[in-house]
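Colleague: I'm new to this one and would like a quick tour. Could you put it on the screen and take my questions as they come?

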Amino acid sequence: MNKRKLLNIIIFIIVMVNWLKMVFVFTDTALTSIGLSSLKYFTVLSNLLEAAACVVWLINGNEKIKYVAAVSVTLTMVVVLTFLGPLFGYIPMFTGVSFWMHLIVPVAALLEVLFWSKAKFSKKDNLIACVPLGLYGIFYIGNNLINGRGQWPHTNDWYAFLTWGYPIGFLFFAAIVAVVYLIGLFIRKVRERH
């Protein structure tokens, strides 16, 4: 078995073990939930996308889904490092399951696509990589518009993006979409040099 196949198996196992811990066991870190409510977090969804991408790649070698998933999980790491870490503290953001989903899986997925993928990704692929976040953003903002923000700990604004109001929340969303595109662009440009 080659190293890349082994890495994909390991990433899949890491994601599934940590998500199943959230679903069936317990969770004691910030921005995590017990049970299927854990699926409200983009971190969990992007890690599950990465796990699915690992399976697809192992079956048929599809590089594009690996690219899209790597962009999504890298976004989670970037948001934690630049926004959520300063807001909620870095220790809670990198403890328990969050250590694996905010750091280890994103770093592994990013490095895999940067250095082991042989594919060249197009501008269209770069736009497609924005789709998971775009769909999530529509759900997140839509849920808050329909159901209201609520009060902690029963808030619909679990990432606190709407703390300063909806206009600022929309700006956050636009900025994060731009970050996703830039992450995808960075990967594309590195891949073009190899």
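Predicted model: local features only at pLDDT ≥ 70, side-chain atom pairs only at ≥ 80, totals over all residues.

Colleague: What volume does the largest cavity have?

Modeller: Rolling a probe the size of a water molecule over the atoms shows where empty space is left. For the largest cavity, the volume comes to about 240 Å³.

Colleague: Which residues are closest to the centre of that largest cavity?

Modeller: The lining of the largest cavity takes in 19 residues. The closest to the centre are Leu133, Tyr136, Tyr159, Phe161 and Ile176.

Colleague: And which elements give two or more residues to the lining of the largest cavity?

Modeller: By class, that lining has 15 nonpolar residues, 4 polar ones and no charged ones. The elements giving two or more residues to it are helix H2 (42-60), helix H3 (63-88), helix H7 (131-147) and helix H8 (166-192).

Colleague: How are H2 and H3 set against each other, roughly parallel or roughly antiparallel?

Modeller: Their axes come within 8 Å and cross at roughly 155°. Angles over 145 degrees count as roughly antiparallel. So H2 and H3 are roughly antiparallel.

Colleague: Is the crossing of H2 and H3 left-handed or right-handed?

Modeller: Look at where H2 meets H3: Phe42, Leu49 and Trp57 are among the H2 residues there, and Ile65, Val68 and Leu75 are among those from H3. By class, this contact has 12 nonpolar, 5 polar and 3 charged residues. The crossing of H2 and H3 is left-handed.

Colleague: What about H2 and H5: which residues of H5 make the contact?

Modeller: The axes of H2 and helix H5 (residues 97-115) come within 11 Å and cross at roughly 40°, and that crossing is left-handed. By class, the contact has 5 nonpolar, 3 polar and 2 charged residues. From H2 it takes Thr43, Val44, Asn47 and Glu50, and from H5 it takes Trp100, Met101, His102, Val105, Ala109 and Glu112.

Colleague: Why is H1 roughly antiparallel to H5?

Modeller: Helix H1 (residues 3-25) packs on H5 with the axes 10 Å apart. Anything over 145 degrees counts as roughly antiparallel. H1 is therefore roughly antiparallel to H5, given an angle of about 160°.

Colleague: How many nonpolar residues does the contact of H1 with H5 have?

Modeller: The crossing of H1 and H5 is left-handed. Leu7, Ile11 and Trp19 are among the H1 residues in contact, and they come with H5 residues including Trp100, Ile104 and Ala108. By class, 2 residues of the contact are polar and 3 are charged, while the nonpolar ones number 13.

How values were computed: Residues numbered from 1 in each chain as written. Heavy atoms only, no water. 1 Å grid on protein atoms, 1.4 Å probe; cavity = no way out; pocket = protein on both sides within 12 Å on 5 of 7 lines; lining within 4 Å. Points joined across faces, edges and corners; volume = space filled by probe spheres on them. Helix = DSSP H or I, 4+ residues; strand = E, 2+ residues; numbered from the N terminus. Nonpolar A, V, L, I, M, F, W, Y, C, P; charged D, E, K, R; others polar. Axes fitted to C-alpha atoms, helices over the stretch in contact; angles between N-to-C directions. Parallel < 35°, antiparallel > 145°, perpendicular 65-115°, else oblique. Left-handed = near helix turned anticlockwise from the far one by under 90°. Contact = heavy atoms within 4.5 Å.
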